[in-house]
Amino acid sequence: MAKVIIIGAGGVGTVVAYKCAQHPEVFSEIVIASRTKSKCDKIAKSLNKPNIVTDAVDADSVPQLVELFNRHKPDLVINVALPYQDLTIMDACLICGVHYLDTANYEPKDEAHFEYSWQWAYREKFEKAGLTAILGCGFDPGVTGVFTAYAAKHHFSAMETLDIVDCNAGDHGKAFATNFNPEINIREITQNGRYYREGEWIVTKPLEYHRTLTYPGVGPRESYLLYHEELESLVKNFPTIKRARFWMTFGQEYLTHLRVIQNIGMARIDEVEYNGVKIVPLQFLKAVLPNPQELGENYHGQTSIGCRISGLDKEGREMTYYIYNNCSHEEAYKETGMQAVSYTTGVPAMVGAMMFLTGKWRKAGVYNVEEFDPDPFLEQLAANGLAWHEILNENLEMD
Ligand code: NDP
């Protein structure tokens, strides 16, 4: 029996609220708080449960967060606002003695820069306060880290290569839309790519490397090498890994729009003056693009995300391993009113919170998900709508 505050009432926040509400034995009281309270009220109304209340907070402000936490006295905060708010929320957790979980690593607003150093720097403070912070508990980062930990625990004596493969084979019928917050999404994709090889990070131009990969239940899709934040913690926590990469599928139509957006300066994250007002072009673009939360109704097809790993098995023989989940946009929408990208992020966030609150993932400090026992998490993941599958010793397509 515990009280949680969910901060953020977007696509992911909606799924987290739906999923927590399905487990009153764990989440006995739920507070949904965000910048725009009416969005929290809408979620609470659709859930219509007596144990859910809403509140307003600007999570960029530590004093406002402290007031919020003092008003509700939660055990755990599930941060599904934007990555910009991670540090203010962690600061408020330390002041009020609240445990912490998020789905994306901190990014400064004025620089698209992904690394854990800012949040790992809180490790000692959380340890001293006897508080747990669980970082990156969505799908990727999140389940991909747990999949890797599961592979290490049950299959490998030494993992040597890791390729995280993320395919969205869905069709929402729009010429261009992003599947989660457009500002965060476009910042991520337009960055240089980066992958890990023998202790070094190799930088590539944005979307420079691509190859055709075959996804189960989907078929072949062009997949592009990106930098993704979980690579940083996974190569640190599994030091036998010699090469780690991340691949994501994009359609030609999407890439053409993205190129135009960049070429005309609409992906800029610095301020420009327009009619005497300072605006950030990418933030303006977000305001005119389709809202990711409204894509669900006509979304068909599925996502397929997983880890392809090679190395030595427990007996020292070479082996390959592929662990993945496929999630249907239609099924996700039927259950929560949100599409599969929000669903595959929100379900693991709820499961991570459940792991913490039931004592299975509880230790003082700041941790990435792969530092906990993967077994109870994956059991609950499958039980809560995200079944996973394993393929042993087949061609990984990953030379
Ligand atoms: P949305 O943009 O749909 O929702 C973000 C929510 O946060 C909105 O309700 C917004 O409020 C709120 N918010 C923004 N700034 C503040 C603030 N200063 N104070 C309080 N609330 C604020 O995003 P998504 O739901 O798509 O994504 C949520 C998070 O999930 C992001 O951090 C994203 O990076 C992460 N994510 C992680 C994935 C993973 O697999 N690990 C995959 C997909 C997303 P308002 O409505 O007022 O703007």
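How many of the 18 residues of H13 are buried? The count is 18 of the 18, so helix H13 is largely enclosed by the rest of the structure; a residue is called buried if 20 or more other C-beta atoms, placed from the backbone, lie within 10 Å of its own, exposed if 12 or fewer do, and partly exposed in between. The structure is a predicted model, in which local features need pLDDT of at least 70 and side-chain atom pairs count only at pLDDT 80 or more, while totals for chains, interfaces and linings use all residues. Residues are numbered from 1 along each chain as its sequence is written.

Helices (H or I, at least four residues) and strands (E, at least two) are DSSP runs, numbered from the N terminus. Helix H13 reaches 25 Å from its first C-alpha to its last, close to the 26 Å expected at 1.5 Å a residue, where the expected span is 1.5 Å times one less than the number of residues. Just after H13, Gly-359 takes a positive phi of about 85°.

The shell around the ligand holds 34 residues, of which Gly-10, Val-12, Ala-59, Gly-138 and Phe-180 are the closest; a residue is near a molecule if its C-beta atom, placed from the backbone, lies within 6 Å of it. Two or more residues of this shell come from each of helix H1 (11–21) and helix H13 (340–357). By kind, the shell divides into 15 nonpolar, 14 polar and 5 charged residues, with Ala, Val, Leu, Ile, Met, Phe, Trp, Tyr, Cys and Pro counted as nonpolar, Asp, Glu, Lys and Arg as charged, and the others, Gly among them, as polar.

The ligand shell leads on to the domains. The domain assignment gives domain 1 (2–135) and domain 2 (143–336 + 386–392), with bounds that come from an automatic or database domain assignment. The C-alpha centres of domain 1 and domain 2 lie 24 Å apart, and 13 residues of domain 1 are in contact with 13 residues of domain 2, contact being a separation of C-beta atoms, placed from the backbone, within 7 Å. On the side of domain 1 that touches domain 2, the residues divide into 7 nonpolar, 4 polar and 2 charged. Each of domain 1 and domain 2 gives at least three residues to the shell around the ligand.

Several loops deserve a separate look. Most residues other than glycine have a negative phi, and most peptide bonds are trans. Asn-48, in the loop between helix H2 (37–47) and strand E3 (52–56), has a positive phi near 50°, and Asn-48 is exposed, with 8 other C-beta atoms within 10 Å. Lys-73, in the loop between helix H3 (62–72) and strand E4 (76–79), likewise has a positive phi near 50°, but Lys-73 counts as partly exposed, with 13 C-beta neighbours inside 10 Å. The peptide bond from Asp-140 to Pro-141 is cis, with omega near 10°, and Pro-141 lies in the loop between strand E6 (132–135) and helix H7 (143–154).

Pro-74 is found in the loop between H3 and E4, and it counts as buried because 22 C-beta neighbours lie inside 10 Å. Leaving aside residues up to four places away in sequence, Pro-74 touches Lys-3, Val-4, Ile-5, Val-31, Phe-69 and Val-98. The C-alpha atoms of Pro-74 and Val-98 are separated by 6.6 Å, although these residues are 24 residues apart along the chain.

Glu-115, in the loop between strand E5 (99–102) and helix H5 (117–120), is partly exposed, with 14 C-beta neighbours inside 10 Å. Glu-115 and Glu-229 are 114 residues apart in sequence, yet 6.4 Å apart in space, C-alpha to C-alpha. Ala-121, in the loop between H5 and helix H6 (123–129), is 245 residues from Val-366 along the chain, while their C-alpha atoms are separated by 8.7 Å.

Finally, strand E8 (residues 193–197) and strand E9 (residues 200–204) pair in the antiparallel sense over 5 bridges, pairing being assigned if DSSP finds at least two bridges between two strands. Arg-194 stands opposite Val-203 in E9, and in the hairpin of E8 and E9, which has 2 residues between the strands, Glu-198 takes a positive phi near 50°.

Note on methods:
Contact = placed C-beta atoms within 7 Å.
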